[in-house]
Structure formats: structure tokens, C-alpha cells
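Welcome, and please take a moment to look over the molecule shown below.

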Amino acid sequence: MTDYNIPDELDPPDTTAQPAIKYRNPLVEMMRSYHQPVQIEIDPAWNLTELQKDTALQPPCWVIRKGRVRYYYPEDAEPTPEQIADGTALTPKQRRLIHIARARGRQQAAWKARLAAEEHNRLHSQALAAAEKAGRHIVIQLGKQRGSFMEGAKEIRSFRVCSGKRSTPTPKGHFHVMEKHKDHRSNLYNNAAMPFFMRLTVDGVGLHQGPVRSWPASHGCIRLRYDDARYLFEQCEVGTPVFVID
């Protein structure tokens with residue numbers, strides 16, 4: 001019989017290994033936080049009675065609408081006759097003030113989540129870049145007005161680009177595709193069409209199909225010819241790394 005030399009005691013599992021550092025999408029973190037339940041503190045200026053405070057502090061109910069959980073708070077519903085009779089109903093003014101406070105709390109939570117994600121990506125930028133260059137990524141060379149779709153060190157596709165002009169330059173650095181929208185339109189520049197849009201920054205810079213000149217001419221986005229924009233849109237996923245360099 002074969003002797004496999006099985007040890008009496010197996011080595012314990014390695015619990016010191018650190019989990020892989022992953023990119024955090026600021027836009028996703030922002031929206032996820034914005035749609036989470038928000039707790040508020042009662043403001044004395046609202047003049048709530050103790051019974052009304054109990055109503056205002058009730059936990060929200062929720063429904064799933066279009067695949068997303070939506071929360072409904074006490075101030076979102078009209079008071080019932082029973083609430084009016086027992087003194088727990090909120091007045092229209094109180095409901096409006098609480099609604100404003102709740103909206104402000106959602107905005108603050110979303111902003112904090114975005115900043116936390118951006119800080120995480122900044123602190124781990126070198127580790128993220130080193131790991132992501134081994135897979136699929138995009139490199140934009142502003143000086144040459146060219147881009148490359150890469151698989152590790154291998155170039156899969158080369159293409160021309162048109163980046164931001166001097167007054168509205170394209171930001172340089174390490175980015176990721178935050179979201180994709182095939183029929184996107186600008187909310188800053190006269191509802192301009194931006195087909196095959198892939199967002200790189202929260203404030204609207206991205207890659208999209210558009211006129212490709214021989215010189216930087218955009219408002220900050222990276223324009224691509226139709227075939228290149230369509231190809232990248234189909235090949236890239238949300239989270240694909242994009243390196244914009246000189």
C-alpha cells in the first residue's frame with residue numbers, strides 16, 4: 001500500500017493574508033448612501049409635542065420600485081383621521097420642515113460616502129494601478145491625442161482621441177469607468193448628444209463619441225470616433241481602469 005505520509009496535524013490556515021484592495025466607485029457609493037434610511041434629530045423650532053415626536057421618529061416603510069428600495073417616512077404621508085383625533089398628526093409646516101431636514105441628511109451622507117471612496121482610491125492608488133495594469137485597461141495619451149485599449153502589456157486596439165482644449169483641459173490621472181450610458185446627453189452644454197458615454201469623474205468628464213479634431217477641442221471629455229466609441233463601450237465594463245497621461 002502506498003504511504004502518503006499524512007501528518008498528524010495539518011498546518012493551521014493563514015489568517016494573516018490581507019484582502020485584495022479593490023476600487024470603490026464614488027458614484028455608486030454616493031447613490032447607495034443617499035438611498036439608505038436617514039435618522040434625524042428633533043429641532044425645538046419645529047414645536048413638536050411628545051406625541052408628534054413619536055410619529056416623526058417612527059421607522060420608515062419601504063417598497064421596491066424599478067429594482068430599487070424606496071423608503072417612505074411619516075412626513076411623506078397625509079395624516080389619517082385617527083392621527084388627527086389622538087394628536088399624533090404632523091401639521092403641514094412640520095412635515096415640510098422634517099422633509100427638508102431629511103433631504104439635507106441624505107445629501108450629507110451621500111457626500112461623505114463619496115469623499116470616503118475617493119480618499120480610499122487615493123490612498124491605494126499605486127496598489128490599484130499595479131494590479132489593474134495586468135488586466136484590461138485604457139491608456140489615453142494627451143500629447144499624442146491617441147488612446148490604446150490594453151490587455152496587460154498587449155495593445156488590443158489603437159485609436160485617435162480629441163481631448164479638452166486649453167480653457168477646459170482633460171484631467172490627468174488614474175480613473176475608472178463609473179457608469180455607462182449609450183444615449184447620454186449633456187446637462188451643461190445645450191443638451192448635446194454624447195453617445196456611448198462612459199463617465200470617469202463625478203462632475204461629468206468621460207469618454208464618448210464626438211467630432212475628433214487634430215487638436216484638443218472638447219470641453220474636457222475625451223471624444224472618440226463612432227467605431228472606436230462603440231467598440232470600447234461594448235468591451236469595457238463599469239470599473240474598467242483608465243489612465244490619462246501626458
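On a 1 Å grid over the protein atoms alone, a cavity is a set of points where a 1.4 Å probe fits but cannot get out, a pocket is an open set with protein on both sides within 12 Å along at least five of seven lines, and lining residues have an atom within 4 Å of a point. Grid points are joined across faces, edges and corners, and a volume is the space filled by probe spheres set on the points. This is a predicted model, in which local features need pLDDT of at least 70 and side-chain atom pairs count only at pLDDT 80 or more, while totals for chains, interfaces and linings use all residues. Residues are numbered from 1 along each chain as its sequence is written, and side-chain values use heavy atoms, with hydrogens and water left out.

Now for the open spaces. The largest pocket holds about 470 Å³ of space. It is lined by 25 residues, and those closest to its centre are Ser-186, Tyr-189, Met-194, Gly-204 and Cys-221. Which strand gives the most to the lining of the largest pocket? Strand 8 does, with 4 residues. Strand 7 (179-185), strand 8 (193-199) and strand 9 (206-209) each supply at least two residues of this lining. Helices (H or I, at least four residues) and strands (E, at least two) are DSSP runs, numbered from the N terminus.

The second largest pocket has a volume of about 330 Å³. Its lining has 18 residues, with Pro-26, Glu-118, Asn-121, His-174 and Phe-175 the closest to the centre. Two or more residues of this lining come from each of helix 4 (92-123), helix 5 (125-132) and strand 6 (173-176). Helix 4 gives the most, with 4 residues.

## The nonpolar core

A nonpolar core is a set of buried Ala, Val, Leu, Ile, Met, Phe, Trp, Tyr and Cys residues joined through side-chain atoms within 4.5 Å. Buried means under 20% relative accessible area, exposed over 50%, and partly exposed in between (1.4 Å probe, protein chains only). The largest nonpolar core has 20 residues, and those with the most contacts inside it are Ile-140 and Val-242. Strand 3 (136-141), strand 5 (154-162), strand 8, strand 10 (222-224), helix 6 and strand 11 (241-245) are the elements that give two or more residues to this core. Helix 6 gives the most, with 3 residues.

## Rings and charges

Rings of Phe, Tyr and Trp (its six-membered ring) pair if their centres lie within 6.5 Å; planes under 30 degrees apart count as stacked, over 60 as edge-to-face and the rest as tilted. The count comes to 3 aromatic pairs. Phe-149 and Tyr-231 have ring centres 6.0 Å apart and planes at 80 degrees, so this pair is edge-to-face. Phe-149 is in strand 4 (residues 146-151) and Tyr-231 in helix 6 (residues 226-235), so the pair links distant parts of the chain, 82 residues apart. Phe-149 is buried, with a relative accessible area of 0%. Ring pairs also link Phe-196, Tyr-226 and Phe-233 into a cluster.

A charge sits over a ring if NZ of Lys or CZ of Arg is within 6 Å of the ring centre and within 35 degrees of the ring normal. Tyr-231 has the charged end of Arg-157 over its ring, 4.4 Å from the centre. Lys-133 lies over the face of Phe-243, at 5.2 Å from the ring centre.

## Backbone details

Most residues other than glycine have a negative phi. Phe-196, in strand 8, has a positive phi of about 55 degrees although it is not a glycine. At 7% relative accessibility, Phe-196 counts as buried. Asn-47 also has a positive phi of about 55 degrees, and lies in the loop between helix 1 (26-34) and helix 2 (50-56). Asn-47 counts as exposed, at 60% relative accessibility.
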